[in-house]
Amino acid sequence: MEKVYDVVIIGAGPAGLAAGIYAARSKMKTLIVEKEKPGGQIVITDEVANYPGSIKDATGPSLIARMVEQTEEFGAERVLDEVVDLELNNNIKILKGKKENYKAKSVIIATGCKPRPIGCPGEKEFIGKGVSYCATCDADFFQDFEVYVVGGGDSAVEEALYLSKFARKVTIIHRREELRAAKSIQQKAFKNEKIHFIWNSIVKEIKGEGIVESMVLHNRKTGEDTEIFADEEDGTFGIFVFIGSDPITDLFEGVLDMDNGYIKTDECMRTNISGVFAAGDCRLKPLKQVVTAAADGAIAAVQAEKYIEEVLSE
């Protein structure tokens, strides 16, 4: 007899793991499917200072590690696989993975977002060769080098502060005249002697032979282009990109109601298909933070349980 789960959760970021904790704790047969290591974007964040109740100096990886432990403690199963197709309209949903297929009475989509690229010439060619989207992952490669951070929101400034522990100089490149980050984070950055700023500018092109050696900046106010070269002794510099994110929802195009790539749900995380829920950064919502992702996951799991009890038991 084929195994049918009460709920299959696609994604193991804060939303997916929170859903797994709540679902497994309520004795639902729970499976979490993740194509890579657990954590989503939070694992590339060094500091998680605004998650309520977290221990002092909590990091993204430490928070996720504890969430994974909790899913295991409550009996959720986890598997590394990528869902590439699905059938959601029947009472038993079928998720087709690269490794195997999974059957479920309900599905929670928690696929999250991916870092948004600059989109300039040279960016793709130099990923891992000077261009990075993860300060926690790559900061130590730039010990005592110069680095540039592209962006002006919370993530960009927080990661610039983290990078200042490694690099000898950190320059934030922002397309506007002022940062968008929370005032408390801005104050830390402005007080940090290692952090400098280039305003009203975007990265137009990234150049080099094998590694990043220079980049062209375009000033949106003056229209001028300026090429910045690596220090001769260094030979390279780092470019860390934090300009937002895009939802990972291509799989659900034409299947679920969406808005600009984000899955539409009601306040109970229900999508337009009965028994299918969405949680976290992949859904349309006003605030994308760890705390809201975890809350979404908890709500989705509780609603999935109600759906099974009230709809499928009829």
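A residue counts as buried when its relative accessible area is under 20%, as exposed when it is over 50%, and as partly exposed in between (1.4 Å probe, protein chains only). This is a predicted model, in which local features need pLDDT of at least 70, side-chain atom pairs count only at pLDDT 80 or more, and totals for chains, interfaces and linings use all residues. Residues are numbered from 1 along each chain as its sequence is written, and side-chain values use heavy atoms, with hydrogens and water left out.

Start with helix 1, residues 14–25. Helices (H or I, at least four residues) and strands (E, at least two) are DSSP runs, numbered from the N terminus. Helix 1 has 12 residues and reaches 16 Å from its first C-alpha to its last. That is close to the expected 16 Å, where the expected span is 1.5 Å times one less than the number of residues.

Next comes the second largest pocket. A pocket is an open set of points on a 1 Å grid over the protein atoms alone, with protein on both sides within 12 Å along at least five of seven lines; lining residues have an atom within 4 Å of a point. The second largest pocket holds about 280 Å³ of space. Helix 1, helix 2 and helix 6 each supply at least two residues of its lining. Helix 2 gives the most, with 4 residues. The lining includes Ala18, Tyr51, Arg66, Gln70 and Ala298.

Last, the aromatic rings. Rings of Phe, Tyr and Trp (its six-membered ring) pair if their centres lie within 6.5 Å; planes under 30 degrees apart count as stacked, over 60 as edge-to-face and the rest as tilted. The count comes to 7 aromatic pairs. Phe190 and Phe197 form a tilted pair, 5.1 Å centre to centre with 50° between the planes. Phe190 is partly exposed at 47% relative accessibility, and Phe197 is partly exposed at 22%. Phe277 and Tyr307 form an edge-to-face pair, 6.5 Å centre to centre with 75° between the planes. Phe277 lies in strand 19 (residues 276–278) and Tyr307 in helix 6, so this pair ties together parts 30 residues apart in sequence. Both Phe277 and Tyr307 are buried.

Key:
On a 1 Å grid over the protein atoms alone, a cavity is a set of points where a 1.4 Å probe fits but cannot get out, and a pocket is an open set with protein on both sides within 12 Å along at least five of seven lines; lining residues have an atom within 4 Å of a point. Grid points are joined across faces, edges and corners, and a volume is the space filled by probe spheres set on the points.
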